Amino acid sequence: MRRGFLSAAGSAGRPVRGALVAAVALAVVGAVGVAAAQTGQPAKSAAAGQQTALAAPGAAKTFPLFARKSGHLYDYEPKAGGGVQAQVDLGGGFGDATALVQTNVSADGTGNDLYYRTGGTLYYTAEEGADTKVIGTGWDTYNLLVAAGNMGGSADPDLIARDTAGALWLYQGKPDGTFQTKIRIGSSGWNGMNELVGRGDFTGDGKADLVARGTDGTLYVYPGTGNAVADATIGSRITVGKGWDTYKQLVSTGDNDGDGKADLIGNDAAGALWLLKGTGDPKAPFAPRVQIGTSGWAAFDTLF
C-alpha cells in the first residue's frame, strides 16, 4: 500500500483514493476527528498515468469526477470516449467538509490533490498523502471555492473564492499547495451566480476561463486574460444561453472525452448525468449534451 491510496483488486488498476492518511493528519493537527477527515491522493499513481494517456501534450488534462453523498465520497474515473467508469467508494466521514476542491499541484501537475474546508480552516492534501497541511483560517468568509486552473498565468493551478459580499478573489497557487497574496478579480455581483466552474479553456485561446450560471438559468463564459492583475484577470462575458438551470450542479473534470478540449458535466433533478462536450469555439462553447449516466446522480450534494 502506498501512502494516500489503495489499488483495489479487480478494479483494473483504478486507484482508490483513501481517506485514511488525511484522517490521521487531521487528527494530528486537531482539526476534526478521524470520522470527519477528508481524502488525500498519491503522486504518480494509475490516475496520473491515465491523465497523461488521455490528454495529448498541450491539450486539456483529464481528471476524475468526485461526488459526495450522505457523507461518503465516491471516485468516478473517466471513460475513453467520454463518460465515467463504475464508482469506487472512498468511505465515509466526509460530511463535515463545507468545501471540497480537486486540484493538480503535486507530481508536476499530474497529482489529484484536494483542498477541503472544515469550519473556517482550509487544508491541502497532496496525492502522496503525507503532505497534508493547514493553509489557513478565516476561510469561512467565502461562500464558494472553485478550482480555477492556471488563470493567473503561473505554473501552478489557482483557486477562486467568492466572499459573502459578492466579490471574487484569485489565489494563485504555489508548488507546495499554498498561495500567493490574493487579488480581486470581480468587485461585486457574483452572488447572483449559483454555479461557478473553472479548470478549463472553453474559448480555445489557450487560457483558463471561468463559467458562471445566473440564478435565471443563463450560462456565461468569462474568458481568462492570463494576467494576474486586479480586476483584469477575466474579460467581458460571453452569453452561452438560457435553460441551464435544468442542471442541479455543473462541474468540469477537464477533457472528459479525450478530444483535447475541456468539457462540462451536469446532473439533473431526475438523476441523469450529462456530458457537455467543449468545442473550443467561443461563439458556441458546448456541443449538444450526451447522456452518460441514467439515474441516481441527483442524490449527490457535491460534484467536483
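Arg117 sits in strand S7, residues 113–118; strands here are DSSP runs of E with at least two residues, numbered from the N terminus. The model is predicted, with local features requiring pLDDT of at least 70 and side-chain atom pairs pLDDT 80 or more, while totals for chains, interfaces and linings use all residues. Residues are numbered from 1 along each chain as its sequence is written, and side-chain values use heavy atoms, without hydrogens and water.

Arg117 is buried but has no salt bridge. Buried means under 20% relative accessible area with a 1.4 Å probe, protein chains only. A salt bridge requires a side-chain nitrogen of Lys or Arg within 4 Å of a carboxyl oxygen of Asp or Glu. Asp140, the nearest side chain of opposite charge, is 6.7 Å away from Arg117; in this count Lys and Arg are positive, Asp and Glu are negative, and His and the chain ends are left out. A polar atom of the Arg117 side chain does lie 2.9 Å from the backbone oxygen of Trp139. Beyond its neighbours within four places in sequence, Arg117 has contacts (heavy atoms within 4.5 Å) that include Asp96, Thr98, Leu122, Trp139, Asp140 and Tyr142.

S7 belongs to an open sheet of four strands, ordered S6-S7-S8-S9 with antiparallel pairing. Strands S6 (99–103) and S9 (132–136) are at the edges and each has a single partner strand, so one side of each lacks a neighbour in the sheet. From one strand to the next the twist averages 25°. Two strands count as paired if DSSP finds at least two bridges between them; S7 and S8 (residues 121–125) have five, in the antiparallel sense. Within this pair, Tyr115 has Tyr124 of S8 as its bridge partner.

S19 pairs with two strands. With S18 (residues 247–251) the pairing is antiparallel over four bridges, and Tyr247 stands opposite Asp268. With S20 (residues 273–276) the pairing is likewise antiparallel over four bridges, and here Gly266 stands opposite Trp274. S19 and S20 form a hairpin with four residues between them. In its turn, Gly271 has a positive phi of about 100°.

Conventions. Buried means under 20% relative accessible area, exposed over 50%, partly exposed in between (1.4 Å probe, protein chains only). A polar contact is a pair of N or O atoms within 3.5 Å; within protein, one must be able to donate a hydrogen and the other to accept it, and residues adjacent in sequence count only if both atoms are side-chain atoms. Axes are lines fitted to C-alpha atoms, for helices over the stretch in contact, and angles run from 0 to 180 degrees between N-to-C directions.
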